Amino acid sequence: MKIRFLGAVKGVTGSNHLIEAGGKNIMLDCGMYQGKDEDLNEKDFVINPAEIDCLLLSHSHIDHSGRIPLLVKEGFKGNIYCSKPTYDLCQIMLVDSAHIQETEAEWTNKKAMRSGKELVEPIYTQEDALASLKYFKPVLNGQIININENIAVKFSDAGHILGSSIIELWIKDEEDTIKLVYSGDLGMREKPILNDPARIESADFLIMEATYGNRVHENIEKRAEELINIILKTVRRGGSVIIPSFAVGRTQELIYELNKYYDSHINEIGTKENELKKIPVYIDSPLAIKATEVFKRNSHAFDEEAKNYIMKGDNPLYFKNLHYIQSAEESKALNFSNEPKIIITASGMCEAGRIRHHLKHNLWRKEASVVFVGYQAEGTLGRRLLDGEKTVKLFGEDIAVKAEIYNVEGFSGHADKPALLNWLGDFKEKPGKVFIVHGEKEAKEEFAQAVREKFGIETIIPEYNVVYDIRKKDLVKVLVLESEQEKLRDRQIQELLMEVEDLKKAFERALANTEEYLKLEDVNYEDIKKLNNNIKSLENEIMNLTMISAK
Ligand SMILES: [Zn+2]
């Protein structure tokens, strides 16, 4: 059985892995790249989409599902298996993503026409997105799906976003049956609305995310409190609170948490609760409105607490001062008044969408606050604001960053290091090997080390498009594809050249120091002996180097 990792290898976006086994090509996720790797979205698929037999989709987030319309457009005709809520969410998210592609292409083309440059096509259109939906086959959690006589698959809760799944695969390949588990994105336990990530019995091999493999989320229990305090502080000084949030998932979780907070403090007269009730909350996103509807339709997938609200007749996704904003005009009108308010809008990483005009109108105000509640990928505007950038460009204009910038980590959709280790610790039979994906370098490395130390499990941080040939409990054989071999060679050369440069300087320094030392009057005999040996072995190494380069 062979696995190739074609996305979420260098960073967290573009999740896409390929399994060749049991006579089938199975794809795990087909996500879009965001932030610094965005250009990769236009790259061809490594394997002809027509040759892929089926796609297993862990969840609806665009960095896991966003290239599906392109996959179908380029010839994929298999089934796309996913949970029912994931299918429902993809119906709105893929069309929305297509709309963004179309708008961006239109914008680029307007400029291209003026400068005489070549016109571009959107990566895919809304029509392509709609066409891809007919390949979706929603399945139930716990249902065993037989792809063919050699491959069976099961989905269970991952607790990351509504419908998010951990995927288990049993693959019969040359006599052995190998159990492979794909974690998808894992949520924290006790996340609002969602069930906790499911416990998995066993795995031979595990592909696991490590977004926060080197972090501990602080103040999880206090996340609502923390947010409320920021809101009150900001509103009291006359500012608005801008919350960039994924329209799907995080926004509904925020509404739920605010509703819960209001409910539990209902009898506290004259407290901050009363003050809060006067502050209007705007959900400024047509996508978020549609997503909230999908959430309501899928309340069967909610956790016990959320179901209890519904049983009591309370709508957990609504409270009194909550307003949904549909049209662009209404959205713009929000900035006409200086009345303090809370605006929750997309995109979550500030790369596109209405968030950008709210930032333009508020970033420069020192009384305003911007509150991040989700992961900010490298290279995105959100990440730059978090990193403390003092001026940013929005709509061609330089905007000074004077507003207070907060990061409330407790709302994160991703499990932190202890939670990831706990989930792995819950396996009754631990995986033989763990492939670590979906994280920045430091996160993956620190997490890999923790897994080795805590469980004694071998870890692999896979490289892009390298083929890992795996056998039951057997060593992973690595086959580097020719095209990749060349890139690997180039990279190694670059690294060696850099080392040569460093060494040259270090060498010069060491020789100069030695020279100086030998000229002193009181050099002791022991040191002379040591230096003699060292210089002889250096001469030897230099001779070896010369022999290689003289060839
Ligand atoms: Zn996700």
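The following dialogue discusses how to read several features of a predicted model.

Biologist: Which conventions apply to this model?

Modeller: The model is predicted, so local features need pLDDT of at least 70 and side-chain atom pairs count only at pLDDT 80 or more, while totals for chains, interfaces and linings use all residues. Residues are numbered from 1 along each chain as its sequence is written, and side-chain values use heavy atoms, with hydrogens and water left out.

Biologist: In what order do the seven strands of the open sheet lie?

Modeller: Strands of a sheet pair through backbone hydrogen bonds, either parallel or antiparallel. Strands (E, at least two residues) and helices (H or I, at least four) are DSSP runs numbered from the N terminus, and two strands pair if DSSP finds at least two bridges between them. Here the order is β7-β8-β9-β10-β11-β20-β21, with mixed pairing. Neighbouring strands are turned by 20° against each other on average, direction ignored; axes are lines fitted to C-alpha atoms, for helices over the stretch in contact, and angles run from 0 to 180 degrees between N-to-C directions.

Biologist: How many bridges join β20 to β21?

Modeller: Three bridges join β20 (residues 433-437) to β21, and the two run parallel. Within this pair, V434 stands opposite T459. Helix α14 (residues 441-455) packs on the sheet, touching β11, β20 and β21, and its direction makes about 165° with that of β20. Contact means heavy atoms within 4.5 Å. Another helix, α13 (residues 417-425), lies across β9 (165-173) and β11 (205-209), at about 160° to β11.

Biologist: Where is S183, and is this residue buried or exposed?

Modeller: Buried means under 20% relative accessible area, exposed over 50%, and partly exposed in between (1.4 Å probe, protein chains only). S183 is in the loop between β10 (176-182) and β11, and it counts as buried because its relative accessibility is 0%. A polar atom of its side chain lies 3.1 Å from the backbone nitrogen of E209. Beyond neighbours within four places in sequence, the contacts of S183 include A158, L206 and W423.

Biologist: How many disulfides does a search of the whole structure find?

Modeller: A disulfide is a pair of cysteine sulfur atoms within 2.5 Å. The search finds zero. For C90, the closest cysteine sulfur, in C82, is 6.0 Å away and therefore too far for a bond. C90 is buried, at 0% relative accessible area, and C350 is likewise buried at 0%.

Methods:
Polar contact = N/O pair within 3.5 Å; in protein donor to acceptor, adjacent residues only side chain to side chain.
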